[in-house]
Amino acid sequence: MNDDARPDPDVLLAQWRAEEARARRGRLRIYFGASAGVGKTWAMLSAAQRERTSGRDVMVGVVETHGRSETAALLSGLDVLPMRSVNHRGRTLAEFDLDAALARKPAVLLVDELAHTNAPGSRHAKRWQDVEELLAAGIDVWSALNVQHLESLNGTVGAITGVRVHETVPDSVLDEADEVVLVDVTPDELTARLAAGKVYVPHQAERAAQNFFRKGNLIALREIALRRTAEHVEDDVRNWRIEQSGPLGDAGPPAWNTSGAILACVGPDEGAAQTVRTAARLAGQLNVRWHAAYVETPRLQRLDATQRDRVLAVLKLAEGLGAETAVLTGEDIAAALAAQAQRLNCATLVVGRATPATGWARWWPVPPLARRLARDAPGLDIVEVARAESSRRLSNGPVGVRRADSPMEDRPRARWPGYAWAVAISIAVTLLAAPLVGVLELANIVMVFLLGVVGVAMRFGRGPAALSALLNVAAFDFFFVPPRLSFAVGDIQFVLTFAVMLAVGLLVGQLTAGLRFAASVSASRERRAQSLFELTRELSAALESSQVAEIGAAAVQGHFGGRALVLLTDANDRLVMPQDAASGFDASVADWAFRHGQPAGLSTATLAAQPWHYVPLKAPMRVRGVLALEPAQPRWLLIPEQAQQLDTLARQIAIALERVHYVEVAQQAVVEIESERLRNALLGAISHDVRTPLTALIALAESLQTLPEGGEQREAARAIVSQAHQLHALVSNLLDMARLESGIGGGAVNLRRDWQSVEEVVGSAIRAARPALGDLAVRTDLPADLPLVEFDAVLIERVLVNLLENAAKYGAPPIVVSARAPEGTLELSVRDHGPGLPASLKGREQTLFDKFTRGQAESATPGVGLGLAICKAVVSAHGGQIEAANAEAGGAEFTVTLPRRTPPEPVEIPL
């Protein structure tokens, strides 16, 4: 077989895990339409009635009938989940009750209006996020969605209809739906419905007909809905073909999609959101991955907080649409984007269309970004996106953070002090150089002015440096060039001096400011790398979970400021909350993040109003705890690099916790192994050392019984013999237990398997146990057609003897030994008619088979609790099981189950 044709084990394992996750997850069905009134809710309720008639558990979570009597009639007979009341600004709002739905857990739950925005204070900001949690709980969900609510089409639909839609759903929700049911009607029929009052009430219908429901709009929306549904069907066909072909299918391996990825270029202007939406739509149509990047230059670094927040909101939107985001730094935006595209293997760049220059900028033309990208990366496809004025505006503020709560460091710094210092330094340089006239040549005095420009550039940046260069040229001309105290120039050569001085000043200021910007970027990267290095170094020396938690919290708090907590789990895998919780910390949110394995709180889509950010500590095996952070600057969590840094720190803490856990498990296992080995060695040594003198003692005691002394001496000799036999049995048990345990642990138990008659082994065991049984009656229930079974007759006889002796000690007659031979196994049982097993052992009967364990801790019956342990060791060596239970009619019953195979056919030997 060709090695190249073999399936990749990692791929097969990933497919198996994906199939297992899909099997546990609920299925999502979306009723998709071009606009309101096409009949999505009616179709969904009609299908729910059919499912209910067939016997399926269908429940209505939330359905919006909009006053339509035909739709409301379809709710008859369906279970409806009560709504949850939410108080908001003095009003009571009825919202979908997510917790009640999870507790009820129906087979199918109807959740209408997928793009609905939940009331403030709800667990999730959007209803589609509630649906995601329902699906994760294994509940099938049916919902309804209009095409204008898709995030990537928001700007397109707004440009067509002129209506700005604020409630949107990420395209990934529709893409990952298991079923998409298109509900379609013609524009004329929809217009007729609107006029008949079947869509909105009359006064709303009249206004809608004049705006959104114009026929041209409906035709365009219908086309978009049909195309979007066709894309989903195409994805289904592609996935089905891949699943059917497989790595070794007859049609060969599935075709790989070799088209390059897409890189969306994000800027501070308002059209960046439409650029991201277009890139997401293109990536979905081409079935490729896509990225979004923002390049921060020294000029863009001086943006005010509003513009910077807009950039972060656009990057957050890109992440919600499935992109990987990054914030780059560099002097040239085009060069940085071209390098990023080459590194990520992106074939297409999506940029926003440049805004026409206005004012004085028209006299200083700058090539648009698309042209500069075409010059720096001629091999890339460049797509320009037009601005969409009717698309929804993104919130500029960080999620969950009010503007009043922002720290002073985030607010724009005043720029005038730098220019004031530039003026002051120019005056100071002029005063310093004035006494040097006549002492130094004018060319040397120029160097003093250039030194002032360099100092201003290093401290205050590019703008103040340019002002300083202009002022220094003017001061040099006015105070030092003849004729002095005049801007007139006596020698034409000084004009060249002024030009060179100004050019050098501006160039030095530009270079110095660039170096200053690069140094600040490098310092930021070094801080991130240093914090990660220090955390890794300190975690490597941690030996306890409490140390890992303390080190991790200190590292996160040192990098992000504010307060940080690392919450660990207890022995029952439950999150342990802090005794003295900090202000704003919510234990329920931390527990939700732990149970669902998803971030929650500040800057997330789940309970975003919380002041704390909760990150689950995901290790390779499972979630080990939760990292809670209240950052000093909440806006940092929206910066991709800082978010990645937090995720990296959390992953390092989780791995360290898992390492400590398995170190503790390994240490405990070593201790248990060594304890067991020492105990077995001790048992073996005692047994061997005691057995020889004990045998001699038994022989001497038996010889005393033959002497002709009186009856008292004979009774004493008989007692000595009895006790010596009991001690001999105890020592034999110890020796057998040590041999079996060491054999099982070392894999060296030598079973002398042979085909045996069950009747003979049972009879031999009863005879061997007769001294312990005395006059107790023993009955057998052995079918005549019992087959031959392959086992070690000596060891199985020992098992039956121990069980019979146990029944004689703790049970009552009659003792019944029975056997059955179902398919593939042999079942031997020993039952007595005594009081049965103690009530304290109910549910943990297997503890009877542990070494040195007895049913009754305090008992006058002799024994140390090794007989049943030997039985379990022997049966386990045969690959079988032994169980104990109370019989239905009273008494205890021990059942031995041994595997068996078909015995060989008898061979006739000719005489």
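A search of the whole structure finds 26 salt bridges, a salt bridge being a side-chain nitrogen of Lys or Arg within 4 Å of a carboxyl oxygen of Asp or Glu. Before I turn to individual pairs, some conventions. This is a predicted model, in which local features need pLDDT of at least 70 and side-chain atom pairs count only at pLDDT 80 or more, while totals for chains, interfaces and linings use all residues. Residues are numbered from 1 along each chain as its sequence is written, and side-chain values use heavy atoms, with hydrogens and water left out.

Let me begin with the chain as a whole. The chain has 26 helices and 24 strands; these are DSSP runs numbered from the N terminus, helices being H or I with at least four residues and strands E with at least two. Of its 911 residues, 41% count as buried. Here buried means under 20% relative accessible area, exposed means over 50%, and partly exposed lies in between, with a 1.4 Å probe and protein chains only. Accessible areas come from the Shrake-Rupley method with a 1.4 Å probe, and for residues only the protein chains shown count as cover. Among contacts with a separation of 6 or more, 70% are between residues 24 or more positions apart, a contact meaning heavy atoms within 4.5 Å.

I return now to the salt bridges. Side chains of opposite charge can pair when their charged atoms come close. Glu51 is paired with Arg56, and their closest N and O atoms are 3.4 Å apart. Glu51 counts as partly exposed because its relative accessibility is 23%; Arg56 is also partly exposed, at 33%.

Which residue forms a salt bridge with Asp57? The partner is Arg104, with the closest N and O atoms 2.9 Å apart. This pair links distant parts of the chain, 47 residues apart: Asp57 is in the loop between helix H2 (40–53) and strand E2 (58–62), and Arg104 is in helix H4 (residues 98–104). Asp57 has 29% relative accessibility and therefore counts as partly exposed, and Arg104, at 33%, is partly exposed as well.

Arg104 also meets Asp79 in a salt bridge, at 3.6 Å from N to O. Arg104 lies in helix H4 and Asp79 in strand E3 (residues 79–80), so this pair ties together parts that are 25 residues apart in sequence. The relative accessible area of Asp79 is 41%, which means that Asp79 is partly exposed. Elsewhere, Arg27, Arg29, Asp178 and Glu179 are linked in a network of salt bridges.

Next, a charged residue without such a partner. Asp832 is in the loop between strand E22 (825–831) and helix H26 (867–877). Asp832 is buried yet has no salt bridge, and the nearest side chain of opposite charge, Arg831, is 6.9 Å away. What does the side chain of Asp832 reach at 2.9 Å? It is the backbone nitrogen of Gly834. Leaving aside residues up to four places away in sequence, Asp832 touches several residues, including Ala807, Pro814, Ile815 and Gly890.

Glu630 is in strand E17 (residues 623–630) and counts as buried because its relative accessibility is 19%. The side chains of Glu630 and Arg563 are joined by a polar contact of 2.4 Å. A polar contact is a pair of N or O atoms within 3.5 Å; within protein, one must be able to donate a hydrogen and the other to accept it, and residues adjacent in sequence count only if both atoms are side-chain atoms. Beyond four places in sequence, the residues touched by Glu630 include Gly561, Ser583 and Trp612. Leu565 is 65 residues from Glu630 in sequence and 9.0 Å away in space, C-alpha to C-alpha.

Gln129, in helix H5 (residues 127–136), is buried, with a relative accessible area of 10%. A polar atom of the Gln129 side chain lies 3.1 Å from the backbone nitrogen of Lys126. Not counting residues up to four places away in sequence, Gln129 touches His124 and Ala605.

Ile427, in helix H15 (residues 416–433), is partly exposed at 49%. Val423, Ile427 and Leu431 make a nonpolar surface patch of about 280 Å². Patches are made of residues with over 30% relative accessible area and no salt bridge, like charges being joined within 9 Å and nonpolar side chains (Val, Leu, Ile, Met, Phe, Trp, Tyr) within 5 Å.

Conventions
Lys and Arg count as positive and Asp and Glu as negative; His and the chain ends are not counted.
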